[in-house]
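Here's a quick briefing to read with the model open beside you. Take a look at the fold first, then work through the notes.

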Amino acid sequence: VELNASFYRTPAAKTVLGWKQRMSHLPEHFKFVIKMNQYATHKKLLRDPESWWPDFWERMSLLGERMGPILIQLPPRFGYTEANMEAIATLEHVLPDHPFVFEFRHASWKRSHLEDLFTRTGWTVAVTHVNNKPASWTRRKDPWTKLDDGWSDMGIHNRFTYIRLHG
């Protein structure tokens, strides 16, 4: 199950412990996928991780054995540039040895940009299915990604494969 609440704000310790407790009756292999906070991904654009990572990790680590991969969903404006690649590369020295999955929403990212770093770190790129047509109930008229409709797969699945279906 993907925890989307953590995207909007880092939950209080009491909340995280409550989630863990409510999972106690589920099989041991059941884990949460934790969506990285939008402050890190959409506001900071992964820069200055020392300002956002320690608190997020400390809080979410309270899930213990129930903590699965951490999903880093990047905004559509986070296209491939040297500066954006450097922001991702910096994470290699900050993030722990834990399963991470990145979702890129801009078509400028290519396997060749990420393959060496992601192979070295064991990080994964999400396989996504995109439908950019806004839902009939939304006011939004522009597409929510900079990807073509259909499947997007860079083929970088080091520890696991993560599939997301949108729209």
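Residues are numbered from 1 along each chain as its sequence is written, and side-chain values use heavy atoms, with hydrogens and water left out.

**Confidence**
- The protein chain has a mean pLDDT (the predictor's confidence in each residue, from 0 to 100) of 89, and 87% of its residues reach 70 or more.
- Helix α5 (residues 82-90) comes out highest, at a mean of 98, while strand β7 (residues 150-152) is lowest, at 71.
- Where pLDDT is low, the predicted coordinates should not be read in detail.

**The sheet**
- Helices (H or I, at least four residues) and strands (E, at least two) are DSSP runs, numbered from the N terminus.
- An open sheet is built from five strands in the order β1-β2-β3-β4-β5, with parallel pairing (two strands pair if DSSP finds at least two bridges between them).
- β1 (2-3) and β5 sit at the edges, each pairing on one side only.
- β4 and β5 run parallel and are joined by two bridges; F102 has V125 in β5 as its bridge partner.

**Helix α6 (residues 111-121)**
- L114, L117, F118 and T121 are buried here (under 20% relative accessible area; exposed is over 50%, partly exposed in between, with a 1.4 Å probe and protein chains only).
- Down the axis of α6, those buried residues fall within an arc of 100° (taken from the directions from the helix axis to the C-beta atoms), so they line one face of the helix.
- S112, D116 and R120 are exposed on the other side of α6.
- The buried residues of α6 pack against α5, β4 (100-103) and β5 (124-125).

**Helix α4 (residues 53-60)**
- W53, F56 and M60 are the buried residues of α4.
- They fall within an arc of 70° seen down the axis of α4, so they line one face of the helix.
- Their packing partners are β1, α1 (5-8), α2 (13-22), β2 (32-35), β3 (67-73) and β4.

**H98**
- H98 is in the loop between α5 and β4, and counts as buried at 10% relative accessibility.
- A polar atom of the H98 side chain lies 2.8 Å from the backbone oxygen of G68.
- Beyond its neighbours within four places in sequence, H98 is in contact (heavy atoms within 4.5 Å) with W57, M67, G68, P69, I70 and R159.

Key. This is a predicted model: local features need pLDDT of at least 70, side-chain atom pairs count only at pLDDT 80 or more; totals for chains, interfaces and linings use all residues. A polar contact is a pair of N or O atoms within 3.5 Å; within protein, one must be able to donate a hydrogen and the other to accept it, and residues adjacent in sequence count only if both atoms are side-chain atoms.
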